[in-house]
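Subject: The two-chain model

Hi,

Here is the structure I promised to send over. Have a look at it first, and then read on for my notes.

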Amino acid sequence: MSSPVLQIEGVVTGYGAVEILHGVDIVVHEAEIVAIIGPNGAGKSTLLKAIFGLLTVDPGHVTLLTEGCTNQRPDQLVLKGLGYVPQVDNVFPSMTINENLEMGAYVRSGDLSDRYERVYQMFPDLAGRRGELAGRLSGGQRQMLALARALMLDPKVLLLDEPSASLSPKMVGTIFERIAAIKKAGTAILLVEQNAKEALSVSDRGYVLAMGENRLEGDAQELLENEDVGRLYLGT
Amino acid sequence: MSSTKLPNEPSQSPAQESATEQILSIEDVTKSFGGVRAVNACTLSVARGSITGLIGPNGAGKTTLFNLITGFLKPTSGVIRFNGERIGGWPPHRIFHKGIVRTFQIPRELKSMTVIENLMLVPTNQTGERIWNSWFFPFRVSAEESQIFDRAEDLLEFVDLIDLTDEYAANLSGGQKKLLELARALMSNPQMILLDEPGAGVNRVLMAKLVTNIERLRNDLGITFFVIEHDMDLIARLCDEVIVMSEGAKLAQGTADEVRANEEVLDAYLGGQYR
């Protein structure tokens, strides 16, 4: 297996006095998709926020590529190769599609024209509408834009929080196709999803979190076929 | 969850007695934002006591329709009737008092209040709201509060949030906030509940339990449900009838199996995986 690009070791975090994660360990290797599944309140979204520097990790370690980056600011992490797409409020509705993409590259100066074109090639449905306000886009198109914006700085690791939530079945298929394409282009993805079956279907490996702790981990296909996982988390 | 007590009965009789009667009708309703018609001459109706699904592509106008029904938006034209009465253009609080409540796609919990406080706030005209009642009728105030507390606890049990009773709503996960919204909607003894994507972000196992309990609410209390949802398995298990919207208007209506077999619905919404 290739070398780890993201390592989470013993991460403890929460909101104020409320501890949500009690020592979680996750490893993501180069160009792989890793799914995190689990019941409501397991701490899945909280984990992504902690990795991205939006919550304080204490104790615990986050290592991006080979560098320790625990509790660094999001703008520092973005420059080091980490991208994050939150579940909601993930576009600027009063800005155009092009301006949203520009915001994705805000922390870096210089000519970005090649990056725009590369991102538009990956999301051709946005290319023809680049002057339109993001607020006019449908839910699925917004999710595409949020993904596209996160790719503007060519991240090594992308954190995705429920990318398929609130999308039509047709659009869910499209989103997961794009996620697979992002992986193929060399970006590793840590994916949090309630749509666990779909998430595990596109993933290489998976972790099951419950009550802020690791419960299970393994090959995504094995987790999909695991009867306990199916009964407890997939609703099968 | 199956042993959970149901909330107090609403004023109307159980729906099975008049299952074919329309509780809600949308007649040629249009809502324009500038040059964009989000809802475009839409006509549909919801049967009393039914669990009716509303599906359609993102941007089809489903949430806008919910906003029109609940008074968050005023229709540009057309008529909305609830129990035969025209309610289109009324403010949300007036529509709420008529018996329609809703949940939101993105939950709007009161973050700095606890989970149970979010629910206890719902019943209107509580005796303790007036300061002189607290002075002159303390026992009445306390008895009523205790009754509301008990009902709120029953509902938290119902949505599996009972272990989080005293947690601040801000600390709940996205899925738990969805469940809190559902419980809050039930606190008001509504005749009709509009659920905007109740399954988004909610674990599939818990959602399966909620389906059973929503059916109980309909069967035992006659509450009508109108549900926006993208999870077709959930729609098929839960709904008697499904309405499909596309480009602001009704595209199709029927059982889940019927709409799944409809070519136009497959093209506009479901995609190849359902063929």
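Let's start with helix α3 of chain A. Its buried residues are A:I97, A:N100, A:L101 and A:G104. They sit on the same side of α3(A), because they cover an arc of only 100° around the axis. Before you go further, keep in mind that this is a predicted model.

What do those buried residues pack against? Their partners are α4 (113–122), α5 (124–127) and α6, again in chain A. The axes of α3 (residues 97–104) and α6(A) are 8 Å apart, and the two helices pack at an angle of about 35°. The crossing of α3(A) past α6(A) is right-handed. On the α3(A) side, the contact uses A:I97, A:N100, A:L101, A:M103 and A:G104, while α6(A) brings in A:L145, A:A148, A:R149 and A:A150. Sorted by class, that contact has 6 nonpolar, 2 polar and 1 charged residues.

A:R149 deserves a note of its own. This arginine belongs to helix α6 of chain A. Is A:R149 buried or exposed? It counts as buried, because A:R149 has 25 C-beta neighbours inside 10 Å and the cut-off for buried is 20 or more. Setting aside neighbours within four places in sequence, A:R149 is in contact with A:N100, A:L101, A:M103 and A:G104. For a sense of distance, A:P163 is 14 residues from A:R149 in sequence, and the two C-alpha atoms are 14 Å apart in space.

Now for the place where the chains meet. Chain A puts 26 residues in contact with 26 residues of chain B. Which elements give two or more residues to the chain A side? They are α6 (139–150), α7 (169–184) and α10 (227–234) of chain A. The largest share, 4 residues, comes from α7(A). By class, the chain A side has 12 nonpolar, 12 polar and 2 charged residues.

One residue of chain B to click on here is B:G174. This glycine is in helix α6 (residues 174–186) of chain B. B:G174 is buried, since 21 other C-beta atoms lie within 10 Å. The largest has 74 residues, and the members that touch the most others are B:L155, B:A183, B:V227 and B:V244. Not counting residues up to four places away in sequence, B:V244 touches B:I55, B:G56, B:L251, B:A252, B:V259, B:V265 and B:Y269. Another core, of 72 residues, lies apart from the largest one, and includes A:L47, A:I51, A:A134 and A:A199. As background, nonpolar side chains tend to be buried together in soluble globular proteins.

Two of the residues that B:V244 touches, B:V265 and B:Y269, take us to helix α10 (residues 263–270) of chain B, whose buried residues are B:V265, B:A268, B:Y269 and B:L270. They lie on the same side of α10(B), because they cover an arc of only 140° around the axis. What covers them includes α7 of chain A, together with β3 (51–55), β9 (241–246), β10 (249–254) and α9 (256–260) of chain B. Just after α10(B), B:G271 takes a positive phi of about 85°.

Last, some backbone details to check on screen:

- A:D58 and A:P59 are joined by a cis peptide bond, with omega about -5°. A:P59 is in the loop between α1 (44–51) and β4 (61–64) of chain A.
- A:M211 is not a glycine, yet has a positive phi of about 50°. A:M211 is in the loop between β9 (205–210) and β10 (213–219) of chain A, and counts as partly exposed, with 13 C-beta neighbours inside 10 Å.
- B:D160, also a residue other than glycine, has a positive phi near 65°. B:D160 is in the loop between α5 (138–158) and α6 of chain B, and counts as buried, with 22 C-beta neighbours inside 10 Å.

Cheers

Methods. Residues are numbered from 1 along each chain as its sequence is written. Chains are lettered from A and ligands numbered from 1 in the order in which they are written. This is a predicted model: local features need pLDDT of at least 70, side-chain atom pairs count only at pLDDT 80 or more; totals for chains, interfaces and linings use all residues. Two residues are in contact if their C-beta atoms, placed from the backbone, lie within 7 Å. Ala, Val, Leu, Ile, Met, Phe, Trp, Tyr, Cys and Pro count as nonpolar, Asp, Glu, Lys and Arg as charged, and the others, Gly among them, as polar. A nonpolar core is a set of buried Ala, Val, Leu, Ile, Met, Phe, Trp, Tyr and Cys residues joined through C-beta atoms within 7 Å. A residue is buried if 20 or more other C-beta atoms lie within 10 Å of its own, exposed if 12 or fewer, and partly exposed in between; C-beta atoms are placed from the backbone. Axes are lines fitted to C-alpha atoms, for helices over the stretch in contact, and angles run from 0 to 180 degrees between N-to-C directions. A crossing is left-handed if the near helix is turned anticlockwise from the far one by less than a right angle, and right-handed if clockwise. The arc is that of the directions from the helix axis to the C-beta atoms.
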